[in-house]
Amino acid sequence: MQTFPVNPDRLDPPVRLTDDADTTWQLGKKRLDLRAVRRLIKDPAVTVVLGESGGTRPRLAADGERPRLWDGVRTGYRGPGGTASGGRYLAHEFRTDGDRRLLYLEEHC
């Protein structure tokens with residue numbers, strides 16, 4: 001999966017992500033509300049990508065990781081609806097032309 005020079009939140013549009021299957025995803029919404037993050041992370045049809053190293057090094061999250069990721073996000077979310085202004089996570093939604101959805105979780109240390 002491609003890397004980013006900085007986290008997607010700081011990039012000017014259009015922001016695109018190409019995964020290992022050569023699918024191109026376009027950033028649709030930045031800084032999702034925590035309620036939207038909850039819905040997306042629990043939806044098995046949604047691809048979840050964890051952007052490690054401040055969001056610059058994306059990797060596909062395994063289905064078994066989702067509950068652990070949600071536990072961290074719900075208590076350490078720095079976006080709208082979150083309670084941690086200095087939290088560890090921020091989320092964005094990417095889409096394909098075919099309207100598939102991808103939840104991108106930036107992880108900050």
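Analyst: Start with Ser 53, which is partly exposed, with a relative accessible area of 48%. This is a predicted model.

User: Why is Ser 53 called partly exposed?

Analyst: Buried means under 20% and exposed means over 50%. The value for Ser 53 is 48%, so the label is partly exposed. Ser 53 sits in helix H2.

User: What makes the phi of Ser 53 worth a remark?

Analyst: Ser 53 has a positive phi of about 55°, although it is not a glycine. Asp 99 is also not a glycine, and has a positive phi of about 70°. Asp 99 lies in the loop between S5 and S6.

User: Why is Gly 28 called exposed?

Analyst: The cut-off for exposed is over 50%. Gly 28 has a relative accessible area of 58%, so it is exposed. Gly 28 belongs to strand S2, residues 24-29. Leaving out residues up to four places away in sequence, Gly 28 touches Glu 93 and Phe 94.

User: How far is Gly 28 from Gly 72?

Analyst: Their C-alpha atoms are separated by 23 Å. Along the chain, the two glycines are 44 residues apart. Gly 72 is one of the buried residues of helix H3.

User: Which other residues of H3 are buried?

Analyst: Arg 66, Leu 69, Trp 70 and Val 73 are buried along with Gly 72.

User: How do you know that they share one side of H3?

Analyst: By their arc. They cover only 165° around the axis, which puts them on the same side of H3. The face turned away from that buried side carries the exposed residues Pro 67 and Thr 75. The cover over the buried residues of H3 includes helix H1 and strands S3, S5 and S6.

User: What is buried in H1?

Analyst: Leu 34, Ala 36, Val 37, Leu 40 and Ile 41 are buried in H1. They cover an arc of only 150° around the axis, which puts them on the same side of H1. Arg 35 and Arg 39 are exposed, on the face of H1 turned away from its buried side. The buried residues of H1 pack against S3, H3, S5 and S6.

User: Why are H1 and H3 called roughly antiparallel?

Analyst: H1 and H3 pack at an angle of about 175°. Angles over 145 degrees count as roughly antiparallel, so H1 is roughly antiparallel to H3. Their axes are 10 Å apart.

User: Which residues make this contact?

Analyst: H1 supplies Leu 34, Val 37, Arg 38, Leu 40, Ile 41 and Lys 42. H3 supplies Arg 66, Leu 69, Trp 70, Val 73 and Arg 74. By class, the contact has 7 nonpolar, no polar and 4 charged residues.

User: What joins Pro 13 and Pro 14?

Analyst: A cis peptide bond, with omega at about 0°. Pro 14 is in the segment before strand S1.

User: How do you know that the prediction is a confident one across the protein?

Analyst: pLDDT is the predictor's confidence in each residue, from 0 to 100. The protein averages 94, and 99% of the residues score at least 70. Confidence is highest in H1, at 98, and lowest in H2, at a mean of 93.

Conventions:
Residues numbered from 1 in each chain as written. Predicted model: local features only at pLDDT ≥ 70, side-chain atom pairs only at ≥ 80, totals over all residues. Heavy atoms only, no water. Buried < 20%, exposed > 50% of the residue type's maximum accessible area, 1.4 Å probe, protein only. Helix = DSSP H or I, 4+ residues; strand = E, 2+ residues; numbered from the N terminus. Arc of directions from axis to C-beta. Contact = heavy atoms within 4.5 Å. Axes fitted to C-alpha atoms, helices over the stretch in contact; angles between N-to-C directions. Parallel < 35°, antiparallel > 145°, perpendicular 65-115°, else oblique. Nonpolar A, V, L, I, M, F, W, Y, C, P; charged D, E, K, R; others polar.
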